[in-house]
Amino acid sequence: MGGKTGNVLKRYLLPTCLMCVITLLIFLYLAEMESLALGFLLMAVLLFIINVSFRLLVSKGIKGTSKICKTIKGFLFLFILLVNLTIAFSATILLFSNEMFFYPNHDRESYEENQKFINYEEIHFNKDNKEFSGWLLKNEKGRAPLVIYFGGNGECSARRFHTNKKSNDWDYFEGYNFMMIDYPGYGNSKGTPSDESMFDMALMCYDYAITREDVNSDNIVLMGYSIGTGVATYLASQRNIRGLILMAPYDEGISLYNSMLNIFHGPLKYLVRNKFESVKYAKSVDIQPLLLVSKADEIIPYESSILLADTFPNGSILHSLNGIKHNFFWGNKEVLENVNKYLQEVKYE
Amino acid sequence: MSKEIRKGLIITSIFVFIPAWFVLLLSTTHIWLMLSPAWLGILYFLLNFLLDKMTEYKNAKYMKYIVRILIAAGVAFLLYGALLIIRKYR
């Protein structure tokens, strides 16, 4: 009976496994994870070639049935399992890191609400076949200083503008216009989010802003929150700005990955695709930024923020907050008062 | 199919199947979708067993593969439909 069951298992195991794999890959493809499905397909082809070649080599190379031959075969089998495991694990992390990392979203209700306000302007611009959109708050008439804001991972411009209006956070940006463009794949912006695409978008955003008649290009302040601090720091290293405000900043993208899945240490660091090397870019920033960091931040380790603060060549204004969790920087009076103070200080009259 | 190709295919499909399941586990919060590889495995196993018992199907060499692929693809579309419904009413 046991032998019969074993035969049945052997007979149907392969078609069952293959059907499951086909179903999962097609499902991932349909569920807007095309790159992941295609990546897995390529991985399957690679593993198949490795496994079949290995089996052919073993069966032709080691023909004996002695104990030593069996032991060698056993070790080689373990080795090939390890190779399979390493390839499968590395490929999964590499392929899944983008899906795991970014949360592209759009808030249609807030978007509709924002249309009602006369001092809100919806912005669209195209460059190199890339389409971006976002919002501009016009606090001042004529040419005015501008804050270009880069939001957190789950933030879209429509919701940020709607929330700031409701909570009166705009009061702290007196004398400044405020612009937020959605990252690729977020809001109405097209594309796929990644560190490179976000950096490109940031450069385009700045270049677009300085061409506007209502923007005083000598008075541009960059502001970033969470993942956006990396984008703001990069832009600050590439363009002329008056100030830089970083809320919950990090030294490198690896810190963010580790806050989600704490495995990216040692050689596994090389599996991180979105490096967001803020420390590298901070070295080329020639102004003194304001850093708002919290010891209670559960996403960005405090040490990571401090490491970044120490990297700016002209020093930084570091403000440590107590008891503020990662998602509560906006709306916090202490944070916004510091932002307001810094904005008034750096304003070029 | 030679023994080498057969065994190579089994190991390959297992090492693609596990990460794909891992991704599925992290992508959805719905228990039936999260567990789908488990119940799909049992379902496909029984299906293959039943199909193999059908005399006409047994003799249709290439038909077997086509039917299996079509069933697998069909189930993927059903799962996607379920995902859309879950997202809509969440």
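# Exercises on surface patch, salt bridges and voids

Helix H2 (31-34) and helix H3 (36-53) of chain B each contribute at least two residues to the nonpolar patch. The exercises below use a predicted model.

**Exercise 1. Identify the residues of the nonpolar patch on the surface and give their accessible area together.**

Step 1. The patch is formed by Ile31(B), Trp32(B), Leu35(B), Trp39(B) and Leu43(B).
Step 2. Together these residues have about 510 Å² of accessible area.
Step 3. Take Trp32(B) as one of them: its place is in helix H2 of chain B. Exposed means over 50% relative accessible area. Trp32(B) has 56% relative accessibility and therefore counts as exposed.

**Exercise 2. Find how many salt bridges the structure has over all chains, and describe the one between Lys116(A) and Glu113(A).**

Step 1. A search of the whole structure gives 11 salt bridges over all chains.
Step 2. In the pair Lys116(A) and Glu113(A), the closest N and O atoms are 2.9 Å apart.
Step 3. Classify each partner. Lys116(A) counts as exposed because its relative accessibility is 59%. Glu113(A) has a relative accessible area of 28%, so Glu113(A) is partly exposed.

**Exercise 3. Locate the partners of the salt bridge between Glu121(A) and Lys138(A), and state which network includes them.**

Step 1. The closest N and O atoms of Glu121(A) and Lys138(A) are 3.1 Å apart.
Step 2. This pair links distant parts of the chain, 17 residues apart: Glu121(A) lies in strand E1 (residues 120-127) of chain A, and Lys138(A) lies in the loop between E2 and strand E3 (144-150) of chain A.
Step 3. Glu121(A) counts as partly exposed, at 25% relative accessibility. Lys138(A) is also partly exposed, with a relative accessible area of 35%.
Step 4. A network of salt bridges links Glu121(A), Lys138(A), Arg212(A) and Asp214(A).

**Exercise 4. Describe the salt bridge between Asp200(A) and Lys130(A).**

Step 1. Between Asp200(A) and Lys130(A), the closest N and O atoms are 3.7 Å apart.
Step 2. Asp200(A) is in helix H6 (residues 195-209) of chain A and Lys130(A) is in strand E2 of chain A, so that distant parts of the chain, 70 residues apart, are linked.
Step 3. At 32% relative accessibility, Asp200(A) is partly exposed. Lys130(A) counts as partly exposed, at 32% relative accessibility.

**Exercise 5. Give the volume of the largest cavity and work out where its lining comes from.**

Step 1. The whole structure holds 1 cavity of 30 Å³ or more. The largest cavity has a volume of about 40 Å³.
Step 2. Its lining includes His106(A), Tyr111(A), Glu122(A), Trp135(A) and Asp182(A).
Step 3. Strand E2 (130-137) and helix H5 (157-166) of chain A each supply at least two lining residues. The largest share, 3 residues, comes from E2(A).
Step 4. By class, this lining has 3 nonpolar, 5 polar and 2 charged residues.

**Exercise 6. Characterise the largest pocket by volume, central residues and contributing elements.**

Step 1. The volume of the largest pocket is about 1100 Å³.
Step 2. Of its 30 lining residues, Glu32(A), Met33(A), Glu99(A), Phe102(A) and Pro104(A) are the closest to its centre.
Step 3. Elements giving two or more residues to the lining are helix H2 (34-61) and helix H3 (67-101) of chain A, together with helix H1 (3-27) and helix H5 (61-89) of chain B. H3(A) gives the most, with 5 residues.
Step 4. The lining divides into 16 nonpolar, 8 polar and 6 charged residues.

Terms used: Residues numbered from 1 in each chain as written. Chains lettered and ligands numbered in written order. Predicted model: local features only at pLDDT ≥ 70, side-chain atom pairs only at ≥ 80, totals over all residues. Heavy atoms only, no water. 1 Å grid on protein atoms, 1.4 Å probe; cavity = no way out; pocket = protein on both sides within 12 Å on 5 of 7 lines; lining within 4 Å. Points joined across faces, edges and corners; volume = space filled by probe spheres on them. Helix = DSSP H or I, 4+ residues; strand = E, 2+ residues; numbered from the N terminus. Nonpolar A, V, L, I, M, F, W, Y, C, P; charged D, E, K, R; others polar. Patch = residues over 30% accessible without salt bridge, like charges linked within 9 Å, V, L, I, M, F, W, Y side chains within 5 Å. Areas by Shrake-Rupley, 256 points an atom, 1.4 Å probe, with all protein chains shown as cover. Salt bridge = Lys/Arg side-chain N within 4 Å of Asp/Glu carboxyl O. Buried < 20%, exposed > 50% of the residue type's maximum accessible area, 1.4 Å probe, protein only.
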